Amino acid sequence: MARKVAVIGMGHVGSTVAHYIVANGFADDLVLIDTNEAKAKADALDFKDAMANLPFHTNITVNDYGALADTDVIVSAVGNIKLQDNPNADRFAELPFTRKAVADVAAKIKESGFNGKIVVITNPVDVITSLYQEITGLPKEHVIGTGTLLDSARMKRAVADRLHVDPRSVAGYNLGEHGNSQFTAWSTVKVLDQPITKLAKERGLDLDELDKEAKMGGWTVFQGKKYTSYGVATAAVRLVNVILSNALTELPVSNYRDEYGVYLSYPAVVGRDGIVAQSHLDLTDEELAKLQTSANFIKEKYAESLDATKK
């Protein structure tokens, strides 16, 4: 069965997602969509020029929403990164732009007859994931945000650097909003088969400092190059592959949690049918309070966005 993926929004992140897919042969068919058709066409030609030197072939279609009808996974990388250039390191700075753009894109996705899964990168990701689900009418389990899959990776990198291990040797999660109210759930973090809380005492690690490093990782990258691309694109493509291959992998992604009544990042098992099971972590009271604060913040911003899109 042919694997068909679409990337909507061919900026820094979308084009990195598309390149990762093409270079690794992760899809047989790739649809590229952008309001700047010249950019999407240029990327498509650039990828075709790469194919003679690649071990894989990918069929590429440009700016055809009709091609989404039989697409397996759509990646939304719609955004305006210049709006992030603010002193507050606030992903919500993009919301007035992205909620309008996404309302338009989501309506076109619905019109195409698309019935696959949507992976959302567009910021602020939890609110935008909710908007996609609301407008397309797809089941909540089929619309997933990359969420703190990226922030958890940043936390693993920060911890791994201190303990001189590979980041894949660090287990655990950042939870909540992919934004300023997220936090590292240290009760879930283990390294060298030891709880990080125990190792922190033994090795003199400052967990608050590591939490901040994970939270501000994107901002640090942004300050250096005025966008982020590789970390988030890799998280998104990992999620796409888990869906395509029905890998049934537990990942901290933005998914709809009934008990909070909102999309937020919390581990869930992902497969071909999107979110196939939700995890239940044994969090501390302090962590539960932080998660509730994050949920309330996302809910409030989502309500504002719905009002704005209806005006």
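Buried means under 20% relative accessible area, exposed means over 50%, and partly exposed lies in between, with a 1.4 Å probe and protein chains only. Keep that scale at hand for the tour.

This is a predicted model, in which local features need pLDDT of at least 70 and side-chain atom pairs count only at pLDDT 80 or more, while totals for chains, interfaces and linings use all residues. Residues are numbered from 1 along each chain as its sequence is written, and side-chain values use heavy atoms, leaving out hydrogens and water.

**Stop 1: Leu 175**

Select Leu 175. Its relative accessible area is 0%, so Leu 175 is buried. It belongs to strand β7, residues 170-175. Helices (H or I, at least four residues) and strands (E, at least two) are DSSP runs, numbered from the N terminus.

Now show what surrounds it. Contact means heavy atoms within 4.5 Å. Leaving out residues up to four places away in sequence, Leu 175 touches Thr 148, Gln 182, Phe 183, Ala 185, Ser 265, Tyr 266, Pro 267, Leu 281, Leu 283 and Leu 291. Next, draw a distance to Gly 218, which is 43 residues from Leu 175 along the chain. Their C-alpha atoms are separated by 16 Å.

**Stop 2**

A charge sits over a ring if NZ of Lys or CZ of Arg is within 6 Å of the ring centre and within 35 degrees of the ring normal.

**Stop 3: the aromatic pairs**

How many aromatic pairs does a search of the whole structure find? It finds 3. Rings of Phe, Tyr and Trp (its six-membered ring) pair if their centres lie within 6.5 Å; planes under 30 degrees apart count as stacked, over 60 as edge-to-face and the rest as tilted.

Select Trp 219 and Phe 222. This pair is stacked, at 5.5 Å centre to centre and with 10° between the planes. Both residues lie in helix α8 (residues 217-225), and because they are 3 residues apart there, about one helical turn separates them. Trp 219 is buried at 18% relative accessibility. Phe 222 is buried too, at 5%.

Move on to Tyr 256 and Tyr 263. Their pair is edge-to-face: 5.7 Å between centres, 75° between planes. Tyr 263 is buried, at 1%.

Lys 140 lies over the face of Tyr 256, 4.6 Å from the ring centre.

**Stop 4: Ser 15**

Jump to helix α1, residues 12-24, and pick Ser 15. Ser 15 counts as buried, at 17% relative accessibility. Look for the backbone oxygen of Gly 11: a polar atom of the Ser 15 side chain lies 2.6 Å from it. Beyond neighbours within four places in sequence, Ser 15 is in contact with Met 10, Lys 39, Asp 43 and Phe 47.

**Stop 5: zoom out**

Show the whole chain as a cartoon. There are 10 helices and 12 strands. Of the 311 residues, 52% count as buried. The C-alpha atoms fill a box of roughly 55 × 50 × 40 Å along the principal axes.

Finish with the contacts. Among those with a separation of 6 or more, residues 24 or more positions apart account for 68%.

Methods:
A polar contact is a pair of N or O atoms within 3.5 Å; within protein, one must be able to donate a hydrogen and the other to accept it, and residues adjacent in sequence count only if both atoms are side-chain atoms.
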